[in-house]
Amino acid sequence: MLKIKNLHAEVGGKEVLKGIDLEINAGEVHAIMGPNGAGKSTLSYVLSGREGYKVTEGSVEFMGKNILDMKVDERAALGMFLAFQYPVEIPGVTTVNFLKTAINSIRKKRGEEEITPIEFLTMQKEKATKLGMDMDMLKRGINFGFSGGEKKRNEIFQMAMLAPKLAILDETDSGLDIDALKIVAEGVNFQRSPERSFLVITHYQRLLDYIKPDIVHVLADGKIRKTGGAGLALELEEKGYAEFNG
Amino acid sequence: MLWNWKKKDTLNLMAKDFLQKKTVNAESLIWLRDTSLLPKAADWIKAMRETGYESFSETVMPSFKLEDWKYSNLRKLRNAEFSYSAEKTKFDVKLLPQNLLDNTKRIVVIDGKYCHDLSNNIKEITVTSLAEANIPDMEQYLVTVGDLDKEPMKALNSAYMQDGVVIKIEKNIAEPIEVLFYNTGNNKAIYTRNLYWMSKDSSATIIENYAGKGVYFFNSYTAIVQHEKSQLKLYRFEKESPEAFHFSSINIQQHNSSIFESFTYAEGGIVARTEYKSELVDKNSENKIGGLYLLNGDQIHDFKIVTQHLEPECKSSQHFRGALDGHSQANLQGKIYVARNAQKTDAYQINRSILLSKDAKMNVKPELEIYADDVKCGHGASSGQLDKNAIFYMQSRGIEEQDAKSLLVQSFLNEALEQVSFAPVKELYESMVVKWLKK
């Protein structure tokens, strides 16, 4: 599903990713762990196509297509989803209106019919109920005045609505207390399926207690230094990142 | 002779002289004193014309030297030429725009002149042409309010106003009243003066639609008097021709417990200015003025909003938002004046704009002048670009960049529309914003 080969990227003229190789197959959950400044968030932005993140070498193939020349929204239409570390507040645009626009925009790019209002409402109700989302919140401006936990839950809700092939979770656990963390993790777990893959980026192991990864990678200084099973995360929790620093 | 108006329908008139800072000569004064333009004009109208004329011939063209015109750029106006005509324009009425809303009364003013035969469904209200109105009790409201030496456009209107519409509302009028100000172009200078009179306990919704074709210079002075407990909603659509010059001034006097709610949607004209001057002359009134400006290309739009609290316990607000693209420029001067005895005043003004291009420009000058000590007054202004994070966020959900930008601008502008309490007009404004964004 996702094939990253020798990926180098720079931000503001500084090389942050220094040759990443990573392959994620359908249905797999990969975790990327690493110390601060390792390039974890940069990787998520490079994959999603954010402006200012320049790929200098290597390739990224997603769903069999080279995505490096694609715009952010085109990658989303292919089935990529990025759950933000810091979801943006947009007063004035309601989550409902935003999602309807997003879904139709994606459908248009795929050459599909627009979603009918009934279809949309049914899906919205179903997903919101599953995630314990307050329907009134969806009628408010996107994330406007939301708590940290509410914002992250809204990310997971949007993911559920857009049903991506690959969901990248960028430090979704940051700023969450344990209860909020559990809710978010449950939201992710119910979306796991043989057709959907996850790339979970995190600094701490605790999120992985709730979202069980198939494979764990350690990213430090722009490179993947170690790859292992779920046990690697526990090991890191114990020893820290000392052996990968410097 | 240039001023031989009897031989010509149109005269290459004084706007040009005035705009080129020439002192106007005695001949033109003679022409001015000739009342044939307004044959039934009362003496006070004649007197006002002369006062206006004298003021502007001394003041010359509005320039940055006048505080109220500090940010204005009237270069385009200086280079334009206009003619002036006393005759009614021959015009194919089929070309008139449709009503903005269904089920409205309609009053039509073409090139500044009230057209009774084109107006309809107006039995419930008293509508007369200014030129033909016999209105001694209204005289004091029709006389220009303001310091003409500092307000050249008002002076110009005082001197040249030909006609306009007088609307008298004496009860609750449920059906909105649409007033169409249509201008036929042909480089005409149009001066119109209107009066909206709200009797005690009356209420109405007036929708003004400004539209036209080609090049013209439109200068209007509207006086509004609201007697005790009257309520007026005045919604304005300034959608003049893209080549037009538009200067409108709205002058409101509010008596005890009256409510004035107004909103101006401005997207027309090449150089335009909208002025509101409100006087809250008695207790317990409410004055809400808002607006949206959507400009692109070389458009310039000025707003000058002055709200005067002269008596206690009144509330007022000025809330404007806008989006500026291309090389456009918006200037907004908002002033709240609170007199010494206007205690318990609650007033605020806010202006927020989005610059969609690096060449667009916004000038804001908020002013508070407060002499009372128990008041609540606030102001705020901001001007910025679209949030790049928000655009990326929306794109990451599959929305195209241009659509993401439009959605952000739309939501930003829609917040100003929250103050429009009449839903059909609010929806109309919303749809116009969407249309503008698609341009």
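**Exercise 1. How many salt bridges does a search of the whole structure find over all chains?**

Solution. Start with the setting. This is a predicted model, in which local features need pLDDT of at least 70 and side-chain atom pairs count only at pLDDT 80 or more, while totals for chains, interfaces and linings use all residues. Residues are numbered from 1 along each chain as its sequence is written, chains are lettered from A and ligands numbered from 1 in the order in which they are written, and side-chain values use heavy atoms, with hydrogens and water left out.

Next, take the rule: a salt bridge is a side-chain nitrogen of Lys or Arg within 4 Å of a carboxyl oxygen of Asp or Glu. By this rule the search gives 35 salt bridges over all chains. One pair is D73(A) with K109(A), whose closest N and O atoms are 3.2 Å apart. This pair links distant parts of the chain, since D73(A) sits in helix α2 and K109(A) in helix α3 of chain A, 36 residues apart. Helices (H or I, at least four residues) and strands (E, at least two) are DSSP runs, numbered from the N terminus.

**Exercise 2. Describe the interface of chain A and chain B.**

Solution. Begin with area. The two chains bury about 1900 Å² between them, 65% of it on carbon and sulfur atoms; buried area is the accessible area (1.4 Å probe) that two parts lose on being put together, summed over both.

Then count residues. Chain A gives 28 residues to the contact and chain B gives 17, where contact means heavy atoms within 4.5 Å.

Now look at charged pairs. Two salt bridges are found across the interface. E155(A) forms a salt bridge with R397(B), with the closest N and O atoms 2.6 Å apart.

Last, ask which elements of chain A take part. The largest share, seven residues, comes from α3(A).

**Exercise 3. Work out the strand order of the six-stranded sheet in chain A.**

Solution. Two strands pair if DSSP finds at least two bridges between them. The order is β6-β9-β10-β3-β11-β12, in an open sheet with mixed pairing. Neighbouring strands are turned by 20° against each other on average, direction ignored. Axes are lines fitted to C-alpha atoms, for helices over the stretch in contact, and angles run from 0 to 180 degrees between N-to-C directions.

Inside the sheet, β3 (29–33) and β10 (197–202) of chain A pair in the parallel sense over five bridges. A31(A) stands opposite V200(A) in β10(A). Helix α6 (148–162) of chain A lies across β6, β9 (166–170) and β10, running at about 170° to β6(A).

**Exercise 4. Which strands form the edges of the 10-stranded open sheet in chain B?**

Solution. Write the order: β4-β3-β7-β9-β11-β13-β15-β17-β19-β21, with mixed pairing. The edges are β4 (113–120) and β21 (376–384) of chain B. Within the sheet, eight bridges join the parallel strands β9 (203–212) and β11 (231–238) of chain B. The bridge partner of A204(B) in β11(B) is L232(B).

Helix α9 (423–438) of chain B lies across β9, β11, β13, β15 and β17 of chain B, at about 15° to β11(B).
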